[in-house]
Structure formats: C-alpha cells, structure tokens
Amino acid sequence: MIIQALTLTLRLAVVVSAILLAVGLPLAYWLAFSRQRWKFFIEAFVSLPIVLPPTVLGFYVLVAIGPLSPFGRWYQSLTGHSLAFTFEGLVVGSVLYSLPFAVQPMAVSFSSVDRKLLDASALLGASPWRTFWRVVLPLGLPGVLTGFVLSFAHTLGEFGVVLMIGGNIPGATQTVSVLIYDQVQALDYAAANRTALLLLALCFALLTILYGLRRRSAWNVWGWK
Amino acid sequence: MEMSASTPTLDRQLSVRLRKSFPSSGGASFTLEVSFAVSAGFTILFGASGAGKTLLLDCIAGLQTPDEGEIAIAKTVLFDSQSRRSVPPNRRSVGYLLQSLALFPHMTVAQNVEYGLAALKNSQREARCGEVLESFRIAALAQRRPGEISGGEQQRVALARALVTRPHVLLLDEPLTALDAATKARIVDDLRAWNKRHQIPILYVTHDREEVFAFADNVIVLEAGQVAAQGPPHNVLNRPQSESVAQLAGFENIFECAVHDSHPEQGTMTCRISGSALQIEVPLTRLDAARPLHVGIRAGDILLASVAPQGLSARNVLYGSISSVEQRDITVIAKVNCGAEFEVHLTPGARQSLHLEPGAKVWLVVKTYSCHVLQNGG
C-alpha cells in the first residue's frame, strides 16, 4: 500500500517538476527581462497558488477539466475518458499549484544577472537564444536548481489539490499524503505514523541536499564548460 | 567581411547624426543632439560627466534607440529613423568596451575571448584567439577566470575579446581610468599597433585631458549633449571657446566675469571677476557682452614676483598673499589669494629663490593675451 502510494507520488513529482522546468525557464526569463507594462499582472497570477487555499484551486481545476467545460469535452473526445480522477488530471492541477515555487527562484536569479553581461553578449554578436544558454542560464543555475527541487518537494507534500481533483483511488490517484489522511480516517495511527515519517524524512533529505549545495559558491559546484 | 589594410580610410568612416531626448520628472529634459563623422584612428570623445558620452556610444552600438537620425559605417546603415531601420546590437559589427568591462565571470579568459567567434570552426577559433591573446600579452592567463586576474589584465582581456571579432568600429568607454599611467600607455601602444593593421575608427571616451594629449588623432568635445568643438587636438585646444574645451586645454583658473568697460582703441576690455572687486584686462572679443563671460588662465602662464614689478608691458599686476604651496612631482602649485584665488605653477627652484611660503606677499603678472575669454554654449 505504502509502496504503491510512494511510487505514484514520486512519479507525479518527477513529471510535474520536469514540466515546470520546461515551462518555468521561459516564463522566468520573461518575468526577469520583459519591459511589458502589464508584467505585474502575470506576476500576480503566477504567485496566486501561494496564497490560495488548495481547495479553491482544486475546485476550479476540477470544473475546468470536467465534462461540462469545453476543455474537458475536448480532452474526452480525444482520449475517451475525463481528466478528473486520473493521474493526468493530478499532473495538471499540481503543475498549476507548484508553479510559483518553480518560477520565482528562477526569475529572481535571472534578474540578478548583471544586465551589462547581456549587453556584452549581444555586442559580441550573440543572439538572445545564445545569450540565454551561455550567460543567463549558467549564472542563474543555482536559482534554477532551487526552483526544480522546490517544485519537486512541494508536489511530494501536496494534499488538498490532489484530493479535490484526483480523489482517493489507490494506484491511480492516491498519493502518500492522501494515504495518511485515509489511514487516520480509519483510526490506524500506527500505519499513519509510518507513512508520515517516511514523507517527513524524504522532504527533509531533499531540502538538506538543496541547501547544502547552495551553501557553496555557484561556480565551484557545477563546474560547467 | 574583412577589408584589406590598403582600403582607403574613407571606407571605414563612421558617420553619426542623431537626436535623443530624455524627459525628466523635474521638467528639465536632457537632449543629445550630435552630428559628426570619424575616420580610422583614435578619436577622443571628451566631456564632463553628464555630457552624454556614454549615451552616444550606446546609440552607436544599438543599446539605445535614438529618437531621430542616422548612423552608418561606410555604406552600411545601422540606424535610420526615416526608413525605420535599426540593426540589432548583435549584428552591428561594433566592438564596444563597456566601462564595467562585463567579462563573463563563469568563463576562463580564453572562453571569454572566444565567445564572439561562435561562427568559426574550432581550429580557426583557437588560432584567432591565440593570436589576439599574444598581441595583448595575456596568453599566460588563458585558463584563469576574470576574478583571478588584476585590473589591468582584465582591461586587456576585455579589449582582446572586443577586437577578436574584427569589428568595423571600436567604442571604448573610459576603459583605462582605473590604471596607472605606465600601464595605460602600454595598453594604448598595443591597441595602436593592432589598429595599424586593421585601420578602424576608434572612439575613446574620457574626461581625463592627459589622455587627449597622449592618444588623440582627433577630438570631439561634448558639452550638455552637443558637440562643442571638433578637430585635431591642436586646433581644438588653441582656440578654446567653451568651458569644457578650456578645461581640456588645461585652464586651471576659470573665472566668471562681467564686462566692466571696453577699450576698442586699445584692443582690450576690462572685466570684473564675479564675487570680488578684482578687475582684469582681457582681449576684446565679439562675444555677447550682456551674458556672463568666463576667463581662462593657465597656471603656468602667470608670473610670480616677490617685489612690486615695474616697467612691464603686461596689463595685469595683481597683489595678493599665498594661501598654500604644494609640490607635485616637479611642479610647485601655489594658491594665491588676490581677492579671487589663482592657481600658479612654478618650478621648485623658483619657489626656493622667492622664499614662497603661505602668508608671503606676492604680485601676479598676467599678460592680456594669456587671458582667454570663453563663453558657454548653453
């Protein structure tokens, strides 16, 4: 039971943090360097999941992927089943829910890169694309790593959104945190204790690694070429 | 892309005509409005801070967009407001050494220098990089990072990085200010040697007038966003008409004056130095007498006497007392208060024979033609 929930949780965390890496990099770059006047609007939107109760987010995602919404109908006609109460549905909700934890550290470290270095790169003939890969990304790497690990850890510990969107289906949508809830509901405190301890140890180990790496100066640790 | 060294210099001419305004919240706005052309060689862009020097370089490099105008290297148009053409900075072939140097901290010296050569094959890139590292004497540093080398070495790396791409124009924004004179001169010598082969226009920004005398083929003096003077250094410096040119030409004494009286028959006019009762005779000029004038006097053009001089042709004999004496290298700098404070330069020998100490009474003698009348452009 625990093993099943744990594999599912890790699978979810890997998929979600990978998606957030792909989505977060361009979004963080845009937030760090765009001069659009309505940038603050996007910033506020990205940060929303930090303050919003998971139930609110979960509820709207559930409605959005349900059979009554155009997106839900489109997905159903494509795959033959609804997104709600599936693993894919969990991924959608978790990506939204962990978005700020990935994007904010990345955007902060990108915007702390000296603009003069970007100018220098362009003056040496580099395209914006090359400037990103050779200058912005290497210098912002600590923030990118932080964003990746935080979104991974945040997905591990997620509860409300999962329950709202995925329900509690062992093997399909039952994550470790939902399992603990289940076990407490069943008054099986010994099992709940084991599961909780496992999650606690896992999250603590992850964050220890993250902060341990960050303690050292950026370009001694990564040694990029 | 590369032209041969025998190409006439006209083909490498950088021509600039532009206007850019910055509205400021205080109501006053700054406008840069310039028009000039420079050929291959060292052109010094001189001006006080805030004159718009860096903004001008930013416009040429494409980091800033002018409101209006035209920028071209030879026949290649980089910016033209009429046809709404603006080549992005990465396609302008303009080498620009930023004041902060902006070396990439996470790359070695060699990686920094090779950065602009992405289009070349590996072997070619290494050859070009090695060559430029040699000619700027930094080959030994190739595997170090910018944080591990000295300020002068960083300047050399930044220069090498800008030049290895063979730009068609080189812009230098006060690149050598932090360096001692000897290091500075060596770097400029290497840069000159490089430019003997490549013959491109080099626009060199500074507010240090010694650099003007040392390096310039041409000078452009920028004052409050406008070109105040332009030409070979001796032309610009011998006929100073504005305050920043005067500072450039080395007027240690600049006084604001009002015309008190003019004597057309004697070819002079009498001016009173603002804030004092002191009157001096200066050459008659056609400048607008209603506006305040400035009179510039070189510290080395003033004679110092310890007894009242007699029988002189000089019109200005001013009585005062020494407020301070200080020796710098082989120049003695005396400050003399005659109602207004004058700076006078003399030799250590003269100081000894005249017994010049603070408090001593002295006479200053200034020829009329050593008083240069200046008027501010703005």
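Modeller: One term to begin with: domain bounds come from an automatic or database domain assignment. The model is predicted.

Biologist: How far apart do the C-alpha centres of domain 1 and domain 2 of chain B lie?
Modeller: The assignment for chain B puts domain 1 at 9-240 and domain 2 at 251-374. Between the C-alpha centres of these two domains of chain B, the distance is 39 Å.

Biologist: On the side of chain B that touches chain A, how many residues are nonpolar?
Modeller: Chain B gives 16 residues to the contact, and chain A gives 15. On the chain B side, one residue is charged and five are polar. The nonpolar residues there number ten.

Biologist: In chain A, which helix has the lowest confidence?
Modeller: Chain A averages a pLDDT of 88, with 95% of the residues at 70 or above. Residues 217-225 of chain A stay under 50, and the model has seven contacts for them beyond four places in sequence. At the top end, helix H6 (residues 115-123) of chain A reaches 95. The lowest mean in chain A, 42, belongs to helix H11 (residues 218-221).

Biologist: Which residue in E18(B) is the bridge partner of Ser324(B)?
Modeller: E17(B) and strand E18 (residues 331-337) of chain B run antiparallel, joined by seven bridges. In that hairpin, two residues lie between the strands, and Asp329(B) has a positive phi near 55°. Within E18(B), Ser324(B) is partnered by Lys335(B).

Key. Residues are numbered from 1 along each chain as its sequence is written. Chains are lettered from A and ligands numbered from 1 in the order in which they are written. This is a predicted model: local features need pLDDT of at least 70, side-chain atom pairs count only at pLDDT 80 or more; totals for chains, interfaces and linings use all residues. Two residues are in contact if their C-beta atoms, placed from the backbone, lie within 7 Å. Ala, Val, Leu, Ile, Met, Phe, Trp, Tyr, Cys and Pro count as nonpolar, Asp, Glu, Lys and Arg as charged, and the others, Gly among them, as polar. pLDDT is the predictor's confidence in each residue, from 0 to 100. Helices (H or I, at least four residues) and strands (E, at least two) are DSSP runs, numbered from the N terminus. Two strands pair if DSSP finds at least two bridges between them.
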